[in-house]
Amino acid sequence: QVQLVESGGGLVPAGGSLKLSCVASGSISSIAAMAWYRQAPGERREWVAYIRGGGESTNYADSVKGRFTISRDNAKDTVYLQMNPLKPEDTAVYYCAALKRTTMKYDYWGQGTQVTVSS
C-alpha cells in the first residue's frame, strides 16, 4: 500500500504562484510514476502533469504547459508541482496520484489540496 499526502494549496491572486507537495509513504518501490490531477467544481477530474523515474520523463496538459513544472525529490519521496503564473481557471482541488507497477493504473490517491485563484 502507498499513502499520499498533499499540501501547499491556498488562495492566491491571478498571476501569483503556489508550490504543491505530495509526500509518499509505504511501498514506494511499487510506484512506477506519479501524477497530479485536478477537479474543479462541477467538472470531471482532469490530468495535469506526469513524472517518471528521477524526473527524466515529464509531460503536461496543454492547459498548464509552460506555466506548471512537476519535479520530484526521491530522497524525500516527494513530488512537487510549481504553478505560476496562476489563472482563475486553475481553481480546483489538486490531487496527487501514484501509478502502481503491477496494474499500471493510478491506484493510489491523496486527499487533495484546494487551490483558489482570485481574479
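Biologist: Let me start with a position I picked by eye: where is Ser27 found?

Modeller: Ser27 is in the loop between β3 and β4. Strands here are DSSP runs of E with at least two residues, numbered from the N terminus. Before we go on, this is a predicted model: local features need pLDDT of at least 70, side-chain atom pairs count only at pLDDT 80 or more, and totals for chains, interfaces and linings use all residues. Residues are numbered from 1 along each chain as its sequence is written, and side-chain values use heavy atoms, with hydrogens and water left out.

Biologist: Is Ser27 buried, exposed or partly exposed?

Modeller: The cut-offs are simple: buried is under 20% relative accessible area, exposed is over 50%, and partly exposed is in between, using a 1.4 Å probe and protein chains only. Ser27 has a relative accessible area of 32%, so it counts as partly exposed.

Biologist: And what does Ser27 touch beyond its sequence neighbours?

Modeller: Contact means heavy atoms within 4.5 Å. Setting aside residues up to four places away in sequence, Ser27 touches Gln1 and Val2. Gly110, which is 83 residues from Ser27 in sequence, is 15 Å away in space, C-alpha to C-alpha.

Biologist: Now the strands. Which strands does β8 pair with?

Modeller: Two strands pair if DSSP finds at least two bridges between them. Strand β3 (residues 18-26) pairs with β8 in the antiparallel sense over six bridges. Strand β7 (residues 68-73) also pairs with β8, again antiparallel and over six bridges.

Biologist: Why is β8 described as largely enclosed?

Modeller: Five of the six residues of β8 are buried, so the strand is largely enclosed by the rest of the structure. Take Thr78, which lies in β8 (residues 78-83). Its relative accessibility is 6%, so Thr78 counts as buried. Leaving out neighbours within four places in sequence, Thr78 is in contact with Ser21, Cys22, Val23, Ser71, Arg72 and Asp73.

Biologist: How far is the backbone oxygen of Lys76 from a polar atom of the Thr78 side chain?

Modeller: The two lie 2.8 Å apart. For comparison, a polar contact is a pair of N or O atoms within 3.5 Å; within protein, one must be able to donate a hydrogen and the other to accept it, and residues adjacent in sequence count only if both atoms are side-chain atoms.

Biologist: What about backbone angles?

Modeller: Most residues other than glycine have a negative phi, and most peptide bonds are trans. Asp77 has a positive phi of about 50° although it is not a glycine. This residue belongs to the hairpin of β7 and β8, which has four residues between the strands, and at 31% relative accessible area Asp77 is partly exposed. Met104, in the loop between β9 and β10 (105-109), has a positive phi near 55°. A cis peptide bond joins Asn84 and Pro85, with omega about -5°, and Pro85 lies in the loop between β8 and β9 (92-100).

Biologist: Last one: how many cavities of 30 Å³ or more are there?

Modeller: Rolling a probe the size of a water molecule over the atoms shows where empty space is left. A cavity is a set of points, on a 1 Å grid over the protein atoms alone, where a 1.4 Å probe fits but cannot get out; lining residues have an atom within 4 Å of a point. Grid points are joined across faces, edges and corners, and the volume is the space filled by probe spheres set on them. The count comes to one cavity of 30 Å³ or more, and the largest cavity holds about 60 Å³ of space. The elements giving two or more residues to its lining are β3, β4 (31-39), β7 and β8. Residues lining the largest cavity include Cys22, Arg72, Asp77 and Thr78.

How values were computed. On a 1 Å grid over the protein atoms alone, a cavity is a set of points where a 1.4 Å probe fits but cannot get out, and a pocket is an open set with protein on both sides within 12 Å along at least five of seven lines; lining residues have an atom within 4 Å of a point.
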